[in-house]
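Here is a quick tour of a protein model for someone meeting it for the first time. Have a look at the sequence and the fold, then read on.

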Amino acid sequence: MASSGNNLVNKGIPSAKDAFVILVKTEWNAPIVNLLEKGAKKILKAAGAQVQTLTVPGAVEIPFAIKNHYAYSAQLPDAYIAIGTVLQGDTPHFTYVCQSVTDGITQLNLSLDVPVIFGVLTLLNEEQARERTGGKHGNKGEEAAITALKMIALNQRLKKPKSRR
């Protein structure tokens, strides 16, 4: 369950001068997703990052777009942020979509050399969406962007040559 804002995620936001981030967002639930994208872009641009958005039809397609962008793009990003919203309906479809996108993003994090941030909201209703796109739980797009900046900085530190003793 989400708390009323995650104050710890906002501490120590690194600069992202010269960083390049790809947002992969869904068309589905566009009014909600667009608010998440706006929040993410605000944080990334304030930190000095370049941002590009790729749009896919739904959440299940996010891992495909990331995998193929990474494989075939001339300019690789420093991080990807997956942005989408899955609202629970009356059928088990919700469960399958949530599990599929979660598994896909997890696999990408284990196989790519850049972080893939999970910014897909899995919600029971539209009220929860409002609470997470500028309401009492903040904007989860902003949190995803902050996470991306922190993971870019961590990845850069981890890739530095080590002295062996």
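Predicted model: local features only at pLDDT ≥ 70, side-chain atom pairs only at ≥ 80, totals over all residues.

Which residues of α1 are buried? They are Ile 32, Val 33, Leu 36, Glu 37, Gly 39, Ala 40, Ile 43 and Leu 44. Looking down the axis of α1, you'd find these buried residues within an arc of 160 degrees, so they line one face of the helix.

As for its dimensions, α1 is made of 17 residues and spans 24 Å from first C-alpha to last, close to the 24 Å expected at 1.5 Å a residue. After α1 comes Gly 48, which has a positive phi, near 95 degrees.

## Zooming in on Ala 40

Ala 40 sits in helix α1. Its relative accessible area is 0%, so it counts as buried.

What does Ala 40 touch, leaving out residues up to four places away in sequence? Its contacts are Leu 23, Ile 83, Gly 141, Glu 142 and Ala 145. Glu 126, on the other hand, lies 86 residues from Ala 40 in sequence, and the two are 20 Å apart in space, C-alpha to C-alpha.

## The sheet under the helix

Helix α1 (residues 30-46) lies across β1 (20-26), β2, β3 and β4, and it runs at about 155 degrees to β3. Those strands make up an open sheet: there are four of them, ordered β2-β1-β3-β4, with parallel pairing. The edges belong to β2 (50-56) and β4 (116-123); each has a single partner strand, so one side of each is left without a neighbour in the sheet. On average, neighbouring strands here are turned by 15 degrees against each other, direction ignored.

For background, strands of a sheet pair through backbone hydrogen bonds, and the pairing can be parallel or antiparallel.

## How β3 is held between its partners

Strand β3 pairs on one side with β1, in parallel, through five bridges. Here Leu 23 stands opposite Ile 81 of β3. With β4, strand β3 (residues 79-87) also pairs in the parallel sense, over eight bridges. Ile 81 turns up again in this pairing, with Ile 117 of β4 as its bridge partner. Further pairs include Val 86, which stands opposite Thr 122 in β4, and Gly 84, whose bridge partner in β4 is Val 120. To get from β3 to β4, the chain crosses through helix α3 (residues 93-111), and this β-α-β crossover is right-handed.

Helix α2 (residues 62-72) has its own buried residues: Ile 62, Pro 63, Ala 65, Ile 66, Asn 68 and His 69. What covers them? The cover includes β1, β2, β3, α3 and β4.

Note on methods. Residues numbered from 1 in each chain as written. Heavy atoms only, no water. Pairing = 2+ DSSP bridges. Helix = DSSP H or I, 4+ residues; strand = E, 2+ residues; numbered from the N terminus. Axes fitted to C-alpha atoms, helices over the stretch in contact; angles between N-to-C directions. Contact = heavy atoms within 4.5 Å. Expected span 1.5 Å × (residues − 1). Buried < 20%, exposed > 50% of the residue type's maximum accessible area, 1.4 Å probe, protein only. Arc of directions from axis to C-beta. Right-handed = clockwise from strand over helix to strand, strands pointing away.
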